[in-house]
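I opened the notebook to go through one protein model. These entries record what I looked up, in the order I took the topics.

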Amino acid sequence: MARNQSYSSIAEEESSPILDGSDRHHALEKMDLQSASTINDHNDSSPWKCRAFVVAAAVLALALVLLPSSSLKPIGPYRLVEAQEGHNFFSFYDFFDGPDSEGSAGYNMYVSKEKAIELDIAKVVTEEDPISGVPVDFVHMSSAPTKNGPRDSIRLEGKRRFDHGLFILDVRHQPDGCGVWPAFWLTDEAVWPRNGEIDILEGVNGQKVAKTALHTSDQCDMYAHVSPRSMTGEFEWITGIPNGFTGEPDFKTAKPADNCWVSAQHQWGNQGCTAVHDRDDTLGAPVNENGGGVYALEWDPENRAIKSWVFSSIHDVPQNLLDSIDSAGLRDASKQVMPDPHSWGTPYAFFAIGEGTGCSADHFKNMRIVFNLAFCGNVSGNRFTRECPALAKKFNEEGIMDPVSTCNAYIESDPEALDEAYWKIRGVYVYERELRLPKKDSNGEK
């Protein structure tokens, strides 16, 4: 969400060995069967040969266990890590209880899980899925008015930390409207921006175009590292930055927001590098009217990329992605369909990270998922006059046209329009690549 927090691909199959725990077991199991076959073929039940086999198996198992973890890389196929659905959804998160951060300054107070349930702003509702026609448990999150003005709202902070992964959100309704600021993002707020931030879904004041934004420390630049053919969207264009000497807005200069550093020159403060979708029906009301959509972000440092997709009609989701979502909750892992981003088409956003790019992979690490619903504040509030002019004129009580106080006054009135400010979520699905030993090239280098 571009703020300073104050809170304390499927790869092609390779011949290299898969060395995670389950596969070690399968390897040893296979060797047991091969050995048994050999003994039977020779009709030799010699205890010495049996003992030799047991010793060999033990040595192999020990070698697999002792292999340095640094030798293994997340380059294998994707495997499901978390399927956040229905009544289990909230168990993956902590509810933050307190005011919004100083960097966001939203006109809201985040509440505990207990209070959220009491206020009926965090719940699971069983409804018929228009896609499958069967009952599905949907997660609902919203807000509630207060006598003091700021709305009671929800901020969820994921319990698990990530250094890479594929993050999929199946959302059937997202908060929308003037003064409304929802977000689904990744961050390590305790050491922001050093460990990075990735905004997957974020919009203010009824915006209709999806964006993916990265916010980092210095030396993370996309310039000359991202081909226009790698994405269907483009980096957001900037103009009107105040002249450093005169303070006057410079509308003669325009540049793409392709530097992820939060203090990059010739970009708005905290803007980061921002890629925007090429269609204007990928966020907010248009998505809700089409029955929801799926947002997917692939954070893949070993393959040197962060990519984003939006399927803004739930009816347009690629079959592989749909099958992955539908099977994620199955207890039998062998029946789960693994996602294949290569089959989803060109992403709308592409960021080059890792070796040989302008942004080293260590700009992003130890991040967790965050959901929140804020109101007004430093983004939605400051843009309220420009993006919601009719309401700004109506609620400009002090006559000084202060955008934030005007936005706050609108929120305090508890308009019916805020009935649209709610999340309805089918699920969040997180996958990580299997750890494998990289293959060596012809020179013997990995």
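Which cysteine does C376 join in a disulfide? I found that C376 is joined to C407, with an S to S distance of 2.0 Å. I count a disulfide when two cysteine sulfur atoms lie within 2.5 Å.

Basis of the entries. The model is predicted, and I took local features only at pLDDT of at least 70 and side-chain atom pairs only at pLDDT 80 or more, while totals for chains, interfaces and linings use all residues. Residues are numbered from 1 along each chain as its sequence is written, and side-chain values use heavy atoms, with hydrogens and water left out.

C376 and C407, continued. I read -90 degrees about the S-S bond, and the link of C376 and C407 is left-handed. C376 sits in the loop between β20 and α6 (377-381) and C407 in helix α9 (residues 403-412), so this pair ties together parts 31 residues apart in sequence. Helices (H or I, at least four residues) and strands (E, at least two) are DSSP runs numbered from the N terminus. I then checked burial, where buried means under 20% relative accessible area, exposed over 50% and partly exposed in between, with a 1.4 Å probe and protein chains only. C376 is buried at 0%, and C407 is also buried at 0% relative accessibility.

C220 and C359. I looked up this disulfide next and found the sulfur atoms 2.0 Å apart. The torsion about its S-S bond is about -85 degrees, so the disulfide of C220 and C359 is left-handed. The pair links distant parts of the chain, 139 residues apart: C220 is in the loop between β12 and β13, and C359 is in the loop between β19 (349-352) and β20 (368-375). C220 counts as buried at 0% relative accessibility, and C359 is buried with a relative accessible area of 0%.

C178 and C388. Here the S to S distance is 2.1 Å. The torsion is about -105 degrees, so the disulfide of C178 and C388 is left-handed. C178 lies in the loop between β9 (165-173) and β10 (180-187), and C388 in the loop between α7 (384-387) and α8 (389-394), so parts 210 residues apart in sequence are tied together. C388 is buried, with a relative accessible area of 4%.

Disulfide count. I get 4 disulfides in total. With the bonded cysteines numbered in sequence order, the pairing is 1-7, 2-5, 3-4, 6-8.

Sheet. What is the strand order of the open sheet of 8 strands? I read β2-β8-β20-β10-β11-β12-β16-β13, with antiparallel pairing; two strands pair if DSSP finds at least two bridges between them. The edge strands, each pairing on one side only, are β2 (93-95) and β13 (234-235). I checked β11 (residues 197-202) against β12 (residues 211-215) and found antiparallel pairing over 3 bridges. E197 has H215 in β12 as its bridge partner.

Cores. I looked for nonpolar cores, meaning sets of buried Ala, Val, Leu, Ile, Met, Phe, Trp, Tyr and Cys residues joined through side-chain atoms within 4.5 Å. The largest has 71 residues, and those with the most contacts inside it are F89, M141, I198, W299, F364 and F371. A second, separate core of 16 residues includes A296, F311, V317 and M338.

Totals. I noted 9 helices and 21 strands in the protein. Of its 446 residues, 50% count as buried.
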